[in-house]
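Take a look at the sequence and the 3D view first, and then we'll go through the parts together.

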Amino acid sequence: MTFKKIAALIAENKDMDISDITMETSFDDMELDSLDVIEVVMSIEEAFGITMEIDDSIKTVGDLVNLVESLAK
Amino acid sequence: MKTEITELLGIEYPVLQGGMAWVANASLAGAVSNAGGLGIIAAANAPVDVVCDEIRKTKELTSKPFGVNIMLLSPFADDIAKLVIAEDIKVVTTGAGLPTKYMKEWIQAGITVIPVAPSCGVARMVQRSGASAVIAEGGEAGGHIGELNTMALIPQVCDAVHIPVIAAGGIADGRGIAAAFMLGASGVQMGTRFLVAKECTIHRTYKDKILASKDIDTMTTGKRLGHPVRALKTPFTRAFQKNENDSARTIEELEAFGAGALRKAVISGDEKEGCFMAGQCCGLVNKEQTADEIIRELMIQTEEALIGGSKWVK
């Protein structure tokens, strides 16, 4: 499942408790700055074998999950 | 001196002049390119006609390659992105974000794209989008800066990407350039040193302040705003710091306090309200020279430092 995989990647990369991560969790909630987000995106790209274009509209874990799912189709 | 960067850009010396907002105009960029480095015009927040004018002036001053730096948060970024194609600019550097959405068109137009990367993640991402090289800039630099310092950042970025890396932040003489090469970079970008170039048209007061400044004379403000800025310690930066530490001040108030401060320093030399952006290497910058003299001196020092390196090897 996309969400679980992405939550696990964020938790591992950013040393966070995976149980704190939900679809609604925002990057701000997690105190992730733009450089953290880029690193997370790069790890998602590698894990899923996709390339993502991110912009300011991507603010939450759910936004990432939806983007990845739309690209995987 | 030949490196991957001189080959890539078709220049004589691996020295780029930073795209400093309000500072990096045709006069400075043309002089640096004529001296064999890469002069860069800063588009900053300027509208298209102003940038176009500087580009055309630079073309009159030099037949050598020069670049344009695009500040991606500029309200005119989309238009400047088109302008560099229309004006047949050879090299584009970018700052303040990811240039992803422009990359395809620029590369198709034959532009060499070199984004500034403050982290390995950004460097890898822009490499993937087709960047020809990256500028890894450490927090010793003047102006808007990242968290990592040059010494730690450069080798990590060199390991993270296979494209050439240009080191920036804290480099003002040949020793810095030689050190950057040892860290894995194949070129450098310098800002503060070129502030005092004779062809640099900033206010006299700005130059005098740089020439007089010492190692401890810069500070970083704006961390609370999420975009820290390094500048000389002046009444303005101290007042900004005070406001920033005052939790009663809102982000909007702080932004308003800082607005226009760089222009006041560059254009009017305003010692009270100007923000004199400078890197930590300002204490190494103590004479006014032409861009040509600066680059020649840099190259002699770099070679001396590199040749001297063998004394450490058995």
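## Reading the elements

A quick word on terms: helices are DSSP runs of H or I with at least four residues, strands are runs of E with at least two, and both are numbered from the N terminus. Keep in mind, too, that what you're looking at is a predicted model.

With that in hand, start with chain A. Going from the N terminus, its elements read α-α-α. That makes three helices and zero strands.

## Chain A at a glance

Of the 73 residues in chain A, 45% count as buried. Look at the contacts with a separation of 6 or more, and 54% of them in chain A come from residues 24 or more positions apart. The chain exposes about 4,300 Å², with carbon and sulfur atoms supplying 47% of that. One detail to look for here: the charged end of Lys5(A) sits over the ring of Phe48(A), 4.4 Å from the ring's centre.

## Chain B at a glance

Now for chain B, which has 14 helices and 11 strands. A compact globule of 314 residues would have a radius of gyration near 20 Å; chain B has 18 Å, which agrees with that. Its C-alpha trace spans about 55 × 50 × 40 Å along the principal axes.

In chain B, 53% of the 314 residues count as buried. Among contacts with a separation of 6 or more, residues 24 or more positions apart account for 61% in this chain. Chain B exposes about 13,600 Å², and 53% of that comes from carbon and sulfur atoms.

## A covered helix in chain B

Helix α2 of chain B, residues 26-34, is worth a stop. The helix is mostly covered, with seven of its nine residues buried. Which ones are they in α2(B)? The buried residues are Ala26(B), Leu28(B), Ala29(B), Gly30(B), Ala31(B), Val32(B) and Ser33(B).

What do the buried residues of α2(B) pack against? Their partners in chain B are the strands β1 (15-17), β2 (39-42) and β3 (66-71), along with the helices α3 (48-61), α9 (192-195) and α14. After α2(B) comes Gly36(B), which has a positive phi, near 105°.

Helix α3 of chain B also holds Glu60(B). Is Glu60(B) buried or exposed? Its relative accessibility is 72%, so Glu60(B) counts as exposed. Along the chain Glu60(B) is 30 residues from Gly30(B), and their C-alpha atoms are separated by 8.5 Å.

## Rings that meet

How many aromatic pairs turn up over all chains? A search of the whole structure finds five. One of them joins Tyr206(B) and Phe276(B), an edge-to-face pair at 5.0 Å centre to centre with 75° between the planes. Tyr206(B) belongs to helix α10 (residues 204-212) of chain B, while Phe276(B) is in the loop between α13 (261-268) and α14 (291-308), so the pair ties together parts that are 70 residues apart in sequence.

Both Tyr206(B) and Phe276(B) are buried. Phe276(B) has another neighbour to spot: Lys209(B) lies over the face of this ring, 5.4 Å from the ring centre. Elsewhere, ring pairs link Phe236(B), Phe240(B) and Phe257(B) into a cluster.

## Cysteines without partners

How many disulfides are there over all chains? The count is zero. Take Cys158(B), which is in no disulfide: the nearest cysteine sulfur belongs to Cys120(B) and is 9.2 Å away. A disulfide needs the two sulfur atoms within 2.5 Å. Cys158(B) has a relative accessibility of 19%, and it counts as buried because the cut-off is under 20%.

Cys200(B) is in no disulfide either; its nearest cysteine sulfur is that of Cys281(B), 14 Å away. Cys200(B) is buried, with a relative accessible area of 3%.

Terms used:
Residues numbered from 1 in each chain as written. Chains lettered and ligands numbered in written order. Predicted model: local features only at pLDDT ≥ 70, side-chain atom pairs only at ≥ 80, totals over all residues. Heavy atoms only, no water. Buried < 20%, exposed > 50% of the residue type's maximum accessible area, 1.4 Å probe, protein only. Phe/Tyr/Trp six-rings, centres within 6.5 Å; stacked < 30°, edge-to-face > 60°. Lys NZ or Arg CZ within 6 Å of the ring centre and 35° of its normal. Rg over C-alpha atoms; globule rule 2.2 N^0.38 Å. Contact = heavy atoms within 4.5 Å. Areas by Shrake-Rupley, 256 points an atom, 1.4 Å probe, with all protein chains shown as cover.
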